[in-house]
Amino acid sequence: MSSIIIVKDSFDDLTKALGFINAADKKICIITDDNLAELYLKEVSSACSVLNNSVYSYSIKPGEESKSIDTIINIYDFLIQNQFNRDDLILALGGGVVGDIAGFAASTYKRGLRFIQVPTTLLAQVDSAIGGKNGCDYDTIKNVIGTFYQPSLVYVNKKTTDSLPSDEVSNGRAELIKTGVISGNVFEPGIEECLSFKKMITDEDPYDEHKRNILNFGHTLGHAIEAASAYKYKHGVCVGLGMICAFEISVKRGWLSTENLEELKTVLKRNGLLTKIKNINPDAVLDFCYNDKKIRDGKIRFILLRGLGNPIITDDVSRKEMIAALETINEKG
């Protein structure tokens, strides 16, 4: 099922959007985090209540540490206590962590409740809220447990990003840049362009069996850098570093120019993202790579570029190539 996607500058049309998916006279559980509850919960709850819905809310602590099985179990308990049934709904109000947790709970509770994404971070608006990937971390491995479950509705209020600190905006800009690189349009597309491109790809390959893999550009080593640093660096920073590594390998293979690589670094810096980090342990990063869900038949599935806008899926990137690429982003000392 393809999601309805609405992009606005306020929550004024959220009630109307809920009407589009026949979400009246239901129970709605808004899952959010403690920070966002203070900012937007009252307004979103009010919009949901107009349609004679019974609105409940469940708030988690902000941050990656909440993306766990324990959080999922607590949500199940809340839904059971409040007698949620299969025709009721879950609404995720927040960034990627909230969206992943809420989506996983929605996809598994009573074999599936309808699910609404209301992403409040730039990263979630241009990436994680679209496409139906949900999940949680386990034993330091990011997103190792999860489901594919499409939201019925994605409602983007672009103004919510105004309340974000600058590093969170930069975090989201990494995914904008990624989309520009693989779509070939520009290095820095807009939110609507990112949504349109990702929706096109995920509608064609909803279960990530082949073409959708191109959306993992920068993520193969990016996720591993993130995990190896014990999540010291934000996701967008690590994706940016992963893109540099993928560019480096593509340059060494003669598929991109050094000018392309330098342009990427310039764009990342301009958007507040790092091009090097200190004391990377390449072996530790690769250990995390080999525990990643992108492994197929013992080989790492990697996305490289045969030119801007021409991503390719390959499993022939050697350990030597990856270590050499990681060394280029390793700031010693």
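The legends below describe close-up views of one predicted model. Local features need pLDDT of at least 70 and side-chain atom pairs pLDDT 80 or more, while totals for chains, interfaces and linings use all residues. Residues are numbered from 1 along each chain as its sequence is written, and side-chain values use heavy atoms, without hydrogens and water.

**View 1. The open sheet has 6 strands in the order β1-β8-β5-β4-β2-β3, with parallel pairing.** β1 (4–8) and β3 (54–60) are the edge strands; each has a single partner, so one side of each lacks a neighbour in the sheet. From one strand to the next the twist averages 15°. Strands are DSSP runs of E with at least two residues, and helices are runs of H or I with at least four; two strands pair if DSSP finds at least two bridges between them.

**View 2. β5 (residues 114–119) pairs with β8 (residues 153–157) in the parallel sense over 2 bridges.** Glutamine 117 has valine 154 of β8 as its bridge partner.

**View 3. Helix α3 lies across β2 (27–33), β3 and β4 (89–94).** The helix runs at about 155° to β3 (angles from 0 to 180 degrees between N-to-C directions, axes fitted to C-alpha atoms, for helices over the stretch in contact; contact means heavy atoms within 4.5 Å). Isoleucine 69 belongs to α3 (residues 69–81).

**View 4. β6 (residues 133–138) and β7 (residues 141–148) pair in the antiparallel sense over 5 bridges.** Glycine 135 is bridged to glycine 146 in β7. The hairpin has 2 residues between the strands, and aspartate 139 has a positive phi near 55°.
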